[in-house]
Amino acid sequence: MSDTICIENGLSIVENPKPHGKSYDQWLGDQAKPSHRELLRVAIDNALAQKPADLDDLLKLLRESGCEVSKRGKAYRLKLPGWSKVSRLDSLGDGYTLEDLLAVLAGQKEHTPRRKSIKQADPPKVNLLLDIQAKLQAGKGAGYMRWAKVFNLKQMAQTVNYLTEHNLLEYAVLEEKAAAATAHHNDLSARIKAAEKRMVEIAVLRTHIINYAKTRDTYVAYRKAGYSRKFREEHEAEILLHQAAKNAFDDMGVKKLPKVKELQAEYTRLMEEKKKTYAEYRRSREEMRELLTAKANVDRLLDAAASHSAQKVQEVL
């Protein structure tokens, strides 16, 4: 309830609050993750270990390792996957400036990694809760008001609570869950439709088998009578039922007639399976709707924010 009220009024909420009393670094302790610059230094250490011939080779190795390399003026800028901001090469400290690296590549000095045993951490993942909060709080200007007219903040608050309760705070996870739920729902739907189709076939086949058995003697007599017109007029209804049954067997590809008792057993089994599957189908449909609704709401918010940003850029240009 508290989170809902905060989101509706554009206020931030605390995700997994922890007790205070220590600085952030002390509180993290051994769980502290290396910074972007530390990870970039590790990437450079690994690239230099491969003995590149010159600066171009070094930059090529960095790109192959997933590092984004760009240049503005004379300054080289680096960014690892998952990080939002670039870091200038000269900001990495002693031993990692352009001048230091050129000296190492020329054989004029030896490179000494600043930290030899730094643990390579996964790049930071976007936290949807924080991202959504940031979008909602990104000013109350004209862009925000235009967005608010087409989106219900109460709905967004419910979506945030749903994401939090189900631990879907990464967009990739939300997207994967939604796709999996949709696939599972479609599979159950296909199974139900297949069972229903077979049950209809069994019902039709059973009817024709019964009609065939009831009219067989009459049709045999009709054939022995040389397909007499008089005999047909006297027993036309039975003869038509018999012929319809034979045509149905041909259309259904039935070579050997199954026993009615066996068809009834199969029909009963399919009915039970359909009941069980349908219960799961209804549950999966609800889950799929919730996930797709949450994803659609997140997409709408992020797309609206992106469109507003693009519009502002266009207006500046």
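Tyr 212 is partly exposed, with a relative accessible area of 22%; buried means under 20%, exposed over 50% and partly exposed in between, using a 1.4 Å probe and protein chains only. The model is predicted: local features need pLDDT of at least 70, side-chain atom pairs count only at pLDDT 80 or more, and totals for chains, interfaces and linings use all residues. Residues are numbered from 1 along each chain as its sequence is written, and side-chain values use heavy atoms, with hydrogens and water left out.

Rings of Phe, Tyr and Trp (its six-membered ring) pair if their centres lie within 6.5 Å; planes under 30 degrees apart count as stacked, over 60 as edge-to-face and the rest as tilted. This rule gives 5 aromatic pairs. One of them is the edge-to-face pair of Tyr 212 and Phe 249, at 5.6 Å centre to centre with 65 degrees between the planes. Tyr 212 lies in helix 9 and Phe 249 in helix 11 (residues 236-251), so the pair ties together parts 37 residues apart in sequence. Helices here are DSSP runs (H or I, at least four residues), numbered from the N terminus. Phe 249 is buried, at 6%.

Tyr 222 and Phe 231 form a stacked pair, 5.9 Å centre to centre and 15 degrees between the planes. Tyr 222 is buried at 7% relative accessibility, and Phe 231 is buried at 16%.

Lys 51 is found between helix 3 (36-48) and helix 4 (55-64), and Asn 167 between helix 8 (153-165) and helix 9 (171-224).

Key: Helices (H or I, at least four residues) and strands (E, at least two) are DSSP runs, numbered from the N terminus.
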